[in-house]
Amino acid sequence: MKKAMIDIAFDSLKAKNKAVVFINLWNEVCEAAGFTQAQAEDNIAQFYSDLSLDDRFVCIEGNQWDLRERHTYNEVVIDTEDILIDEESDDDDYGHESTAKKDKNEDY
């Protein structure tokens, strides 16, 4: 039975005992899984998504990935309090003019 890409990554990081830059981790997964170049290209996005969604992993500075268990909460949580959101924009969330503005500008 083939091992899942994400489990190969977990085992690799566990054995290394340190964070690894994403592309290096991906190359290790590809080698362990025996991927061809085409398979590597077809699977990289899925692997990145899996890595991002799996709570065993954490991305730290420099696009390095590590096991969450080796990091404290304060090291991995982003403080969103200082993020500014422009609520005065004329565009909605999708970059379109708001309906109210369109209606005001239409000729009847």
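Which residue takes a positive phi just after helix 1? The residue is N17, and its phi is about 65 degrees. The legends below describe this and other close-up views of a predicted model.

**Figure 1. Overview of the elements of the predicted protein.** The protein contains five helices and three strands. Read from the N terminus, these elements follow the order α-β-α-α-β-β-α-α. Of its 108 residues, 23% count as buried. Among the contacts between residues at least 6 apart in sequence, 49% join residues at least 24 apart.

**Figure 2. Helix 1 and its buried residues.** The end C-alpha atoms of helix 1 lie 17 Å apart, which agrees with the 16 Å that its 12 residues should span at 1.5 Å a residue. The buried residues in this helix are M5, I6, I8, A9, F10, S12 and L13. An α-helix has 3.6 residues a turn, so residues three or four places apart point the same way. The packing partners of the buried residues of helix 1 are strand 1, helix 2, helix 3, strand 2 and strand 3.

**Figure 3. The loop that holds N17, between helix 1 and strand 1.** Most residues other than glycine have a negative phi. N17 has a positive phi of about 65 degrees although it is not a glycine. Is N17 buried or exposed? With a relative accessibility of 56%, N17 counts as exposed, because the cut-off for that class is over 50%.

Figure 4. Strand 1, residues 20-21, is joined to strand 3 by two bridges. Within strand 3, W65 is the bridge partner of V20, and Q64 is the bridge partner of V21. Strand 2 pairs with strand 3 over four bridges, also in the antiparallel sense. On that side, Q64 of strand 3 is the bridge partner of I60.

**Figure 5. The hairpin of strand 2 and strand 3.** Three residues separate the two strands of this hairpin. In the turn, G62 has a positive phi of about 75 degrees. N63 is in the loop between strand 2 and strand 3. The phi of N63 is positive as well, at about 55 degrees, although N63 is not a glycine. At 33% relative accessibility, N63 counts as partly exposed.

**Figure 6. Helix 3 and the kink centred on N43.** How many degrees is the kink in helix 3? The kink is of about 45 degrees. A40, F47 and L51 are buried in this helix. The cover over these buried residues includes helix 1 (5-16), helix 2 (22-33), strand 2 (57-60) and strand 3 (64-67).

**Figure 7. The largest nonpolar core.** This core has 18 residues, and those with the most contacts inside it are L25, W26, V29, F47, L51 and F57. Helix 1, helix 2, helix 3 and strand 3 are the elements that give two or more residues to the core. Helix 1 supplies the largest share, six residues. In soluble globular proteins, nonpolar side chains tend to be buried together.

**Figure 8. The surroundings of L25.** Which residues are in contact with L25 when its neighbours within four places in sequence are left aside? They are A9, S12, L13, V20, F47, L51 and W65. Among them, A9, S12 and L13 are buried residues of helix 1, and F47 and L51 are buried residues of helix 3. V20 and W65 are bridge partners.

**Figure 9. H71 and its polar contact with D66.** H71 is placed in the loop between strand 3 and helix 4 (73-76). Why does H71 count as buried? Its relative accessibility is 19%, and buried means under 20%. The side chains of H71 and D66 are joined by a polar contact of 2.8 Å.

Technical notes: Residues are numbered from 1 along each chain as its sequence is written. This is a predicted model: local features need pLDDT of at least 70, side-chain atom pairs count only at pLDDT 80 or more; totals for chains, interfaces and linings use all residues. Side-chain values use heavy atoms; hydrogens and water are left out. The bend at a residue is the angle between axes fitted to the seven residues ending there and the seven starting there. Buried means under 20% relative accessible area, exposed over 50%, partly exposed in between (1.4 Å probe, protein chains only). Contact means heavy atoms within 4.5 Å. Two strands pair if DSSP finds at least two bridges between them. A polar contact is a pair of N or O atoms within 3.5 Å; within protein, one must be able to donate a hydrogen and the other to accept it, and residues adjacent in sequence count only if both atoms are side-chain atoms. A nonpolar core is a set of buried Ala, Val, Leu, Ile, Met, Phe, Trp, Tyr and Cys residues joined through side-chain atoms within 4.5 Å. The expected span of a helix is 1.5 Å times one less than its number of residues.
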